Amino acid sequence: MHDRHTRRFGLGTATCLVMGNIIGGGIFLLPASVAPFGTVSLVAFGVLTLGAVALALVFGRLAERHPDTGGPYVYAREAFGDFAGFLSAWSYWTMTWVSNAALAVAAVGYVHVLVPGHASAGTDLLVALAALWLPALANFAGTRYVGAVQLVSTVLKFVPLLFIAVVGLFFFDPHNLGPFHAGHGSALGGMSAAAALLLYSYVGVESAAMSAGEVRDPERNVGRATVLGTVGAAVVYLLGTVAVFGTVAHTKLVNSTAPFSDAVNAMFGGHWGGTLVAGAAVVSIIGALNGWTLMSAQSPYAAAKDGLFPAPFLIKRRGVPTFGVLAAGILASALTVVNYVLGTGGVFQILVLITTFSATVPYLLAAGAQVYFLLTGRRDQVRPARFARDLTLALAAFGFTFWLVAGAGYAAIYQGVLFLFAGILVYAWMAARRTARQTPTADAAGPEAARTDDQEPARLAG
């Protein structure tokens with residue numbers, strides 16, 4: 001039922017959802033992370049951007065024919081059946097709540113810059129839990145408030161980052177760039193190594209498709225929001241990285257722990273850049289958590305409608321699957337407590353590695369679903385006039401996602417596959433429950449119905 005707390009996302013809000021989910025806290029360390037490879041990393045970034053845009057366009061095409069909440073899950077199930085759909089939903093759900101815990105922990109470091117002083121594990125834990133549950137409260141309040149928080153937070157982080165990126169170009173000094181290839185081996189090897197660090201910068205391109213059921217006119221707006229949000233994030237990423245490379249000397253940048261702060265200080269002098277960037281980082285992370293909290297509930301909600309996830313995930317209030325938000329919040333909080341109270345950082349790192357692989361499974365299945373629709377001549381799924389263009393985009397998106405899998409590393413793939421296979425038990429349990437519910441119906445129909453079913457193939461063949 002529609003109420004004042006529920007409002008479907010327009011194009012602007014859906015675009016902010018995509019952009020806000022892509023741009024988290026990692027951008028503030030990104031230039032320093034790839035600086036050791038030289039400016040060849042900028043080439044890698046450009047190539048990755050093209051792959052991300054191709055994936056965004058594929059999600060837009062798929063959403064035209066399947067404008068339903070669940071996005072990648074819906075496409076995988078339609079193309080390959082229940083099991084593939086479940087794997088997509090399970091992987092995506094795992095990725096979201098573990099990633100939320102990692103984002104909350106990252107926010108603590110930036111809060112220390114804003115509020116200097118003696119830190120304790122207890123205080124850090126409270127800050128991390130607040131970072132998790134404040135966005136969750138916005139989600140409980142309804143889609144109207146989710147959209148408002150996402151819009152405001154995206155503007156608050158996009159404007160200062162874009163300001164630094166654009167103004168930095170006026171202070172650009174080519175002598176600061178350093179060598180084109182700073183590492184050992186070939187330039188191509190350096191580009192691949194830099195790409196391995198950059199690959200996950202665009203995770204979140206699916207956000208509008210995942211919430212298609214809450215978007216106004218999804219057949220048109222999901223695709224537009226996906227592309228606009230991805231391009232907007234790319235502008236911030238690319239211009240920001242170029243600006244930092246050109247304003248901070250390469251020898252200093254490779255050892256920097258706050259590259260955007262160093263860039264602000266180099267442009268304007270003083271030491272106030274750290275506070276400015278830390279504030280932008282906190283806003284960026286809270287905005288990302290707001291969007292990802294919604295995403296953590298959408299995929300299991302869509303799967304629960306088809307009986308592939310437990311029924312409580314169907315509980316929805318004010319346009320938001322509230323049980324999914326609650327479950328993800330509790331799991332992310334538990335992981336955060338493990339990180340701070342028990343001090344088992346190894347467990348936390350392993351679970352974060354799992355997310356790097358888990359994020360790729362829904363992408364791979366969605367790109368594969370588009371290829372399947374095209375090659376099987378599913379005219380109800382793909383417009384014939386777009387065949388060549390759509391097939392090229394689908395193959396590019398599949399290749400980009402395959403590169404994501406390869407870039408995750410052996411440890412991430414190993415841990416991720418184990419966790420993915422653990423979901424088979426959940427699928428078996430849900431399949432058994434569906435069968436148990438269907439069996440009494442079949443028994444009640446009696447032997448006459450069974451005989452009719454047995455004779456149906458012969459009648460059709462005749």
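Student: What should I know about the origin of the model and its numbering?

Tutor: The model is predicted: local features need pLDDT of at least 70, side-chain atom pairs count only at pLDDT 80 or more, and totals for chains, interfaces and linings use all residues. Residues are numbered from 1 along each chain as its sequence is written, and side-chain values use heavy atoms, with hydrogens and water left out.

Student: How many helices and strands does the protein chain have?

Tutor: Helices (H or I, at least four residues) and strands (E, at least two) are DSSP runs, numbered from the N terminus. The protein chain here has 18 helices and zero strands.

Student: What share of the residues is buried?

Tutor: Buried means under 20% relative accessible area, exposed over 50%, and partly exposed in between, with a 1.4 Å probe and protein chains only. Of the 462 residues in the protein chain, 53% are buried. Contact means heavy atoms within 4.5 Å. Among contacts in the protein chain between residues at least 6 apart in sequence, 83% join residues at least 24 apart.

Student: How is the packing of two helices described?

Tutor: One gives the angle between the two axes and the distance between them. Axes are lines fitted to C-alpha atoms, for helices over the stretch in contact, and angles run from 0 to 180 degrees between N-to-C directions. In this model, helix 5 (residues 82-114) and helix 16 (residues 360-375) have axes that come within 7 Å and cross at roughly 145°.

Student: Which residues of helix 5 and helix 16 meet?

Tutor: From helix 5, Ala84, Leu87, Ser88, Ser91 and Tyr92 meet Val361, Pro362 and Leu365 of helix 16. The residues of this contact divide into six nonpolar, two polar and no charged; Ala, Val, Leu, Ile, Met, Phe, Trp, Tyr, Cys and Pro count as nonpolar, Asp, Glu, Lys and Arg as charged, and the others, Gly among them, as polar.

Student: Is Thr94 buried or exposed?

Tutor: Thr94, which lies in helix 5, counts as buried because its relative accessibility is 2%. Leaving aside neighbours within four places in sequence, Thr94 is in contact with Ile354, Thr355, Ser358 and Phe419.

Student: How many aromatic pairs are there?

Tutor: Rings of Phe, Tyr and Trp (its six-membered ring) pair if their centres lie within 6.5 Å; planes under 30 degrees apart count as stacked, over 60 as edge-to-face and the rest as tilted. By this rule there are 22 aromatic pairs. The rings of Trp90 and Trp93 have centres 5.9 Å apart and planes at 50°, so this pair is tilted. Both Trp90 and Trp93 are buried. The rings of Phe398 and Phe402 have centres 6.3 Å apart and planes at 20°, so that pair is stacked. Phe398 is partly exposed at 31% relative accessibility, whereas Phe402 is exposed at 53%.

Student: Which residues do ring pairs link into a cluster?

Tutor: The cluster consists of Phe83, Phe86, Trp90, Trp93, Trp97, Phe309, Phe313, Phe323, Phe419 and Tyr427.
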